[in-house]
Every structure is written in structure tokens, then in C-alpha cells.
Amino acid sequence: MDPKMLTEGIVAGRREAGQLADAFEDLHPPLSEHEALVAADRCYFCHDAPCTVACPTDIDIPLFIRQIATGTPEAAARTILSQNILGGMCARVCPTETLCEEVCVRETAEGKPVVIGQLQRFATDTLMAADEHPFERAPSTGKRIAVVGAGPAGLACAHRLAMKGHDVVVYDARPKAGGLNEYGIAAYKTVDGFAQAEVNWLMKIGGITLQNGKALGADLSLDDLKAEHDAVFLGVGLGGVNALGVPGDDKDGVRDAVDFIAELRQVSDLAALPVGRDVVVIGGGMTAVDAAVQAKLLGALNVIMVYRRGKDRLSASDFEQDLAASRGVRIITNAQPVAVHGNGAVREVEFAFTDDDLKPTGQNFRLPADQLFRAIGQTLIADGLPDLDGRKIAVTGAGRTSVSGVWAGGDCAAGGDDLTVTAVAEGRDAAEDIHARLMG
Amino acid sequence: MADLTTDFVGIKSPNPFWLASAPPTDKEYNVRRAFEAGWGGVVWKTLGEDPPIVNVNGPRYGAIWGADRRLLGLNNIELITDRPLEVNLREIKAVKRDYPDRAVVVSLMVPCEEEAWKKILPLVEETGADGVELNFGCPHGMSERGMGSAVGQVPEYIEMVTRWVKQYTRMPCIVKLTPNITDVRKPAAAAHAGGADAVSLINTINSITGVDLDIFAPEPTIDGKGAHGGYCGPAVKPIALNMVAEIARSPEMKGLPISGIGGVTTWKDAAEFMVLGAGNVQVCTAAMTYGFKVVQEMISGLSQFMDEKGLTDTSELIGRAVPNISDWQHLNLNYVTKAEIDQDLCISCGRCYAACEDTSHQAIAMSDDRVFTVKDEECVACNLCVNVCPVEDCITMVEMQPGQTDPRTGQKVVKDYANWTTHPNNPGAVKAAE
Ligand SMILES: Cc1cc2nc3c(=O)[nH]c(=O)nc-3n(C[C@H](O)[C@H](O)[C@H](O)COP(=O)(O)OP(=O)(O)OC[C@H]3O[C@@H](n4cnc5c(N)ncnc54)[C@H](O)[C@@H]3O)c2cc1C
Ligand SMILES: Cc1cc2nc3c(=O)[nH]c(=O)nc-3n(C[C@H](O)[C@H](O)[C@H](O)COP(=O)(O)O)c2cc1C
Ligand code: SF4
């Protein structure tokens, strides 16, 4: 065994470069042309296809699969991208096992769906490899629209608006565009700098100006944006993180999972990224799984994910749970943290077993930990935003907020799942609504 | 983006994909939905005289399937429209009024009597339809009554009826041919002689798709008996392509527009019909199998293909392969190829070996560790191994270059073209001038 595997504490270089490269390679290697044809042949071209109904962006899935089957993946890509401009990213990150593929009639019949996500990637990769942007802008309308947030929601909104002939300025607080595509998605789902490549490709529509390092709040106010533009779209995502709220929560080695992942996504040399030997992740969603799996891939010896409710309530899909298990992550359910122990830095995390109503059973246990990740949900930083509905921006129809002329979509807006594809759908639909309102 | 607009005998349509006269075009409800889905035109389900015919009340279709129950061939014993003439005419008029940019052609079948045609043609003309198609092809039921393929099998009748039609209407007249004949050029030439503006082909092929082995009766079975039906779908495409090609390359019918029908299922099928001379295509079974939406793949596929080939207008596509349709006797006998197996792609199934060893030329060697290689000294380049190999592009035919020696014959490959007409083994060979 590599001796660094056993080193205590949060250290870099637990695995060699070669091992790391293997560990972080593409989760689903791209289909070859032959594999794509074989996979496409399985589609029944269902009427009013359940897969399309399940897709938040309503991609005409049987049509694009047929276009692949008949040797025109470029046409397939146009079918996909006309509904979902981030179809390339969605092909990689969508939890298809709970969306289109879950309802594929061949899943029903044989327990083996048509591999829709991988086929979608085959089509969009083919088109993007040809460096082709398949859409053109309509004649200029002279309208100017501000989009705040260059995540999936903001980008989808900006692209659709640009296509309709509007001029769009996209403001983002971070140095790079892409939102969680760039800073959040697990590295093995979007390898080889795909997120930035996709943003660059999307920008080829023209008419979109990106302004990075501009934050609503610190650098811009909603009132100013409204005054200077014909409409404003907010796609700021969820910038905050829920606190654990247990004693010792502030010890060294305790960190937000999303920060760890963002750092991992940006680091140029994974061997230089420090990670603990005994890592505990608290949470039961995609973020928890991604943090746990990537910590393990970096070389952590023990990685344990702890979730406070039962296994059936885990929001990570079966596929993701299996992925975590296959990478050596242990998942403990029905346990909630009560204290973080350690002298300055975390040494142990104490949990109480809970029943399904989250009532402590009276049994406690401790897990050794030199690194603890919080992954118990992100929250909206709501200063200066339109009215909220619960903890997110209240919207009606296609993203209309309480402030006239201001729309919102994606994770920051109420309703819908917090998924890339949902953010794209909401951004696109808001763009259509803005267009109708401005031109109507 | 390539322009898919077509002008077929003066009838314009936004794309060359028309629905053939059949159930998909049986009524206004269908045709409106077809146009909404993007079809460029329709040939309305064949109209006849009143009172309308009746259909059987049991199953009218039989089928054959490929792997994964993919429908390959469909057989039917349906007759022409079973709805009153007046209803159809009213609906045709309404549809044409609402979709002026789409082609609406009306298929007709009335008895072989001048009066019958003289009577129905003005009624059709009044609907504003773009043309008529004469159904001389239906091979079941109607043929027993002296119509459909019973007319289509007698060139003199075809010519006679076509003349009447040209006499009594100004509408373009397309004659739909039956494949249930030996030489399709004869009925096509008769239509041409009668003044037809175009021919369309093929209608369905006489067929029995299967037999119920419990009751010993052909399928589909109506109360213990079965009648032959008409066969269509992907399985008939090769037959239809050949018939289209025969007409397209016939000097007597040069320039006669052809509407290609028979097994068109994807854009590729359509492109094949068109390069072999069809000015447009008609589709029935693919729509009946997958619904009207298939046309969207046909449209995107054909326009992408044309873009890739640098073609901007369908007229550049039509007939492009016709100069390359040849008689066997004119094929170049000095063209020599050998099969080659790509060892990286080979999955070692051994199908090429079984095929060649048992039924061809014993030209594939198999090693103890299942490596398959071609013996050039035995390979006659028949292509059977390529066709039975489950891996696309694993076995390919590699052309031998002039100057190389063919290890099978021991002869040098020569550059010059030479065919059977001058071959020494041909008793009737034309001697080259001394
Ligand atoms: C770790 C992790 C893994 C995930 N994995 C998946 C997955 O595999 N599949 C999936 O479908 N979904 C996944 N998700 C969810 C998905 O990433 C989000 O639902 C999606 O990115 C939401 O898009 P958005 O545009 O609403 O917000 P974001 O992607 O969060 O983008 C918001 C953008 O707004 C910017 N911004 C924020 N505040 C301001 C401000 N004040 N001023 C200016 N700009 C601002 C941010 O910098 C960011 O660029 C994951 C999420 C996380 C956290
Ligand atoms: C059920 C059925 C009914 C048909 N009825 C007619 C008809 O009324 N008139 C006609 O000209 N052809 C008729 N046809 C033949 C089709 O128009 C077409 O020529 C044939 O099906 C071949 O095309 P395909 O392989 O695309 O199906 C019928 C075919 C089917 C399957
Ligand atoms: S549900 Fe499955 S089989 Fe049906 S259209 Fe969608 S991918 Fe094809």
C-alpha cells in the first residue's frame, strides 16, 4: 500500500499522478459510433414518449435517437440543443436513472433502459467536435437584458434571449462562467474542461457579454440593473450553506463540501490537493456523495457518509449510492451529529442514532475523523432580492418574481428540483416569457 | 441548409416526402395531423364509385419481423376507401384550402369504362386537388373485380384509361404501377404512351406472410380462411428500387417523372430512391409503424446529407445515380478486390469462416486461437463474409492495384476496362477490330 494512504491528518499526494488520473477518468466513457448505433436501435420510437415527458426540458428523445440510428448524429444534436442548449452537460450530469431512463418502456419491459444520456452525449459531442454552432440570431431588437448568474439557468436564459435578437449582459460573481457546472459537478462527470468548452461554444451565438467578478449586492444593485436594462433575470443559485449547529462545528478540518468540491474542480494538479485520512461526510444528497466519492478517489483511507434519516429517504439515487459503495464509501443512515470533538482540529465526530421521526434512540457512537464535510444543503443568500416563498425567490408562471421586470429561475427560484436540467428549462422558459413581454 | 422544396409534375411541396394512398391518408383528421407533423404532401386514399366498398370485419394485416420485433414487412387485404365519395371530396376540399402549400393528390379507381372516369374527374377537380393518381396496383379484392392490378397487368388498358383521364381533366395524372408483373417497363411505357405525367411505384406485392399452423390457414385469417394480400414495408424496398431504376434508365421513358414508393423508412431510403431517378417518395408502412413524426427525421436527415454533399436543391439529387446503373455484361471484369479482416475489430465469432468454408470458396483460414485471415489465393471477392460479419467495417474489400499479381489467378491486374462482351469465354464475344 502507498504509505501516504496511512498518514494521519489532511495531507496532499496520497496517491500518485497515474492512480489519480485513472480514478478521476470519465464515469461513462463516450460511446463509439458502433456502440451508439446498437444502443439507438433499441429505441421503440414510442408515441408521446414517456422519456420526453420525464425530461424537464422536453427533448424529443425518440426523434433524436432515430436521427442517430439513421446516421445523422448532427441532426440529433440539433433536436436536443433546440430544447436544451446545455444538452452536452445534461447528457453527463443528469440523474437519468430518475428521469428519462427511469420511465423508458424498455426499463419497464426488461429492466434495461435505452441509454438515453449516453446517446445524447454521443450526438452533442459529435456536433461540438465539428465546432459548429447550429443556431443563428434573429435581427436585433435593440433590447438589453441583464442576467445575473452564469450557471445553467443564466446561460440558458441568455442564449435563448440572444437567439431572439436581444443583447444580453451576464454578470457573475465568480471568475469563471458555468456556475456549478464549473465549480460543483463531480470531476469524473465532466472531464477535460468540458464546462468551459461548452460555455465558449454557447457564446458563439453572439450578442452575449460576460462580466465575471461582478456580484449582485457587492458590485451591483437590482434597482440599478432594472434601470439600465429592459428586463433582469436572476439565476444566482444557492450561494450559502446550512450550518451543522452542533458544538465544535468550527474546529479545523470541518468544511463545507461544496467548497472542497469547488477547490477540487479548479486545482490543476490533484496530487497537490490535501485530503484527510479518515473523512466523514454529513448529508444524504448528491453533494454528500460527490464529496465522499472524490475524497476517496483522492486517496482517503476511510470515507463514511452519515445521513440522519432512513435509507429510503436518501436523496442520492440508487445509482449514486451504488457508485459510492463501489468506490469504497460506507453509508450510515439514521444517525445525526451531536458534537465535533478534538483539540483545535477535529479528531472524532459523535452521532446519535435516530428513529424515522428523527428522535434519538439513546445510542451514541463516535467516528474518527481528521476531516469533516458538511453537505446538509445549500441556501439562498437573499439580500436585496424579490419576495421569497419559503427560502427561495417566489415565482409565478415562467419565473416572474414579485418585482415587475425581474424574472428568476434555477436553484434560487422556488419550485422544481435542484438539477442542472431543471435550471436550463427554467432559464429557457423565462427567456421566452421575457421575449413575449418585451415584444408583445 | 439545403432546399427540400420539390416540384413534381408542376405540383410543389415543401419537401419530397408524401404519404402514399393508404390508411394514413384515409380522412381529413389524419391528413391534417400529417401536415402538422411536416409531411410535404399526400395521395388521398383511393376513391371509388358509390356505393362504397366494404372491408372485412376481421384482421386485415399480417406481418413479418426482424430481431427485436422490428416490423420488416406488412401485408394487407384492405380495399380502397369504404367511405362515401361525397364525404371524401368535401374533406379533400377543406384540407387543400387550409394547406395550400402542401401537395394533395387524389387516388382514383373506377371501372374500366370511359363514362365512369368522365364522371368522377370533374368532381375531383372541383376540390382544388393538385392532381390525380390512377390506382392500377391494388393486388387483392379490387383486382377480382377487374380493377387495380387487373388493369395494371394489361398495358393496353393502362394506356386506354390514361388517355381518358388526360382527355377529361387538366390535372396532372400519375399512374401508379403494380409490381406484380414480369417487366415493369411495359406498363410504364403504356402509361407514358397514354400521356401520363408521371408514374408512381410500387404498389403492394402479392403475398402470404404466414400460415397459422394450428388451423392450417393463411394469415391474416378470416373465419378459418385467408386470401393473399399486398406486401409492403422495408422488405419490399429492394424490389421497388430496382423497378424505379429500370424505368429511370430506359431510353424510351427518358425524363418521365417517377414517384418512388416501397419501404421508404428513413431519409436514406428516400435518398436512394431519388438518386435512382425518383422525383419524390411516398411512404405508407413507416408512418403506419412509427406515426407521422418519422417525417421529421427524414427531413433533417435528407437536408443534412445534401449539405454534406454540397447539394442545394433536390433537383441536383434526382437521378444522380442513374448513369451508374449498368447491365451485368458491361461490368468491368478487370476490377479485382480481396477481402481483408481488420484484426482489431474482429470479435472472433467465426461467421465469415463458416460462410466461406461451407458455402463459398474456402478462402478464410482459422487458427487454433481463433484468428481469422483471408487466403488471397482463394478469395474471389464475393462479399459474402462482409455481409455475414456482425461487426460493421470489420471486413472490407480492398481493391488490387494495376501491376499487382492476383494470387488466385496468377495474372497481373490490368488497368484497362474489359467486360463480358469481349471476353474470350463468351461464345458471342464481339471481336476487337484486328
Ligand atoms: C456538489 C454538487 C453536485 C451536483 N451534481 C449534480 C449532478 O450530477 N446533476 C445535476 O443535475 N445536478 C447536480 N447538482 C445541482 C446543479 O448543479 C444545480 O441544480 C444547478 O447548477 C443550478 O443552476 P443555477 O444556474 O440555478 O445555479 P448555479 O449553477 O449555482 O449558478 C449560479 C451562478 O450565479 C453566480 N452568483 C451567485 N450569487 C451571485 C451574485 N450575488 N451576483 C452575481 N453572481 C452570483 C454564481 O457564481 C454562479 O455562477 C449538483 C450540485 C452540487 C452542489
Ligand atoms: C393497408 C394498406 C392499404 C393500402 N391501400 C391503398 C390504396 O387504397 N390505394 C393505393 O394506391 N395503394 C394502397 N396501398 C399501397 C401503398 O400506397 C403503398 O404503395 C405500399 O404500401 C408501398 O409503400 P410502403 O412500403 O411505404 O408501405 C395500401 C397499403 C396498405 C398497407
Ligand atoms: S421510452 Fe425508451 S423506447 Fe420509448 S421512446 Fe423513450 S427511449 Fe425510446
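At a relative accessible area of 14%, B:Asn426 is classed as buried (buried means under 20% relative accessible area, exposed over 50% and partly exposed in between, with a 1.4 Å probe and protein chains only). B:Asn426 belongs to the segment that follows strand S22 (411-412) of chain B, where helices (H or I, at least four residues) and strands (E, at least two) are DSSP runs numbered from the N terminus. Apart from neighbours within four places in sequence, B:Asn426 is in contact with B:Trp420 and B:Thr421; contact means heavy atoms within 4.5 Å.

The model is predicted, local features need pLDDT of at least 70, side-chain atom pairs count only at pLDDT 80 or more, and totals for chains, interfaces and linings use all residues. Residues are numbered from 1 along each chain as its sequence is written, chains are lettered from A and ligands numbered from 1 in the order in which they are written, and side-chain values use heavy atoms, with hydrogens and water left out.

Chain B contains 13 helices and 22 strands. Its C-alpha atoms fill a box of roughly 75 × 60 × 45 Å, taken along the principal axes. Of the 434 residues in chain B, 51% are buried. Among the contacts in chain B with a separation of 6 or more, 70% are accounted for by residues 24 or more positions apart.

B:Val295 is placed in helix H10 (residues 294-308) of chain B and is buried, with a relative accessible area of 0%. Not counting residues up to four places away in sequence, B:Val295 touches B:Phe17, B:Ala37, B:Gly38 and B:Trp39. B:Val295 and B:Lys96 are 199 residues apart in sequence, and their C-alpha atoms are 20 Å apart in space. In chain A, A:Val232 is found in strand S4 (residues 231-234) and is likewise buried, with a relative accessible area of 1%. The residues that A:Val232 touches, leaving out those up to four places away in sequence, are A:Ala146, A:Val148, A:Leu222, A:Leu225, A:Lys226, A:Gly405, A:Val406 and A:Trp407. A separation of 6.1 Å is found between the C-alpha atoms of A:Val232 and A:Trp407, which are 175 residues apart along the chain.

A pair of aromatic rings is described by the distance of the centres and the angle of the planes. Over all chains, a search of the whole structure finds eight aromatic pairs (rings of Phe, Tyr and Trp, the last by its six-membered ring, pair if their centres lie within 6.5 Å; planes under 30 degrees apart count as stacked, over 60 as edge-to-face and the rest as tilted). The rings of B:Phe35 and B:Tyr99 form a tilted pair, because their centres are 5.1 Å apart and their planes are at 55°. B:Phe35 lies in helix H1 (residues 28-37) of chain B and B:Tyr99 in the loop between helix H2 (85-98) and strand S7 (103-108), so this pair ties together parts that are 64 residues apart in sequence. B:Phe35 is buried at a relative accessible area of 1%, and B:Tyr99 counts as buried at 11%.

The pair of B:Tyr353 and B:Phe372 is also tilted, because the ring centres are 6.2 Å apart and the planes are at 50°. B:Tyr353 lies in helix H12 (residues 351-359) and B:Phe372 in strand S19 (residues 372-374) of chain B, so parts that are 19 residues apart in sequence are tied together by the pair. B:Tyr353 is partly exposed, with a relative accessible area of 25%, whereas B:Phe372 is buried at 1%. In chain A, one aromatic cluster is formed by A:Phe351, A:Phe353 and A:Phe365.

Charged groups also sit over rings (NZ of Lys or CZ of Arg within 6 Å of the ring centre and within 35 degrees of the ring normal). The charged end of A:Arg174 is placed over the ring of A:Tyr183, 4.1 Å from its centre, and that of B:Arg69 over the ring of B:Trp65, 4.2 Å from its centre.

The residues around ligand 3, each with a heavy atom within 4 Å of it, include A:Cys43, A:Cys46, A:Cys51 and A:Cys104. Helix H3 (50-54) and helix H4 (61-69) of chain A are the elements that give two or more residues to this shell.

Between them, chain A and chain B bury about 1500 Å², 46% of it on carbon and sulfur atoms; buried area is the accessible area (1.4 Å probe) that two parts lose on being put together, summed over both. A:Phe45, A:Arg66 and A:Thr70 supply 37% of the area that chain A buries against chain B, more than any other three residues. The contact takes 18 residues from chain A and 17 residues from chain B.
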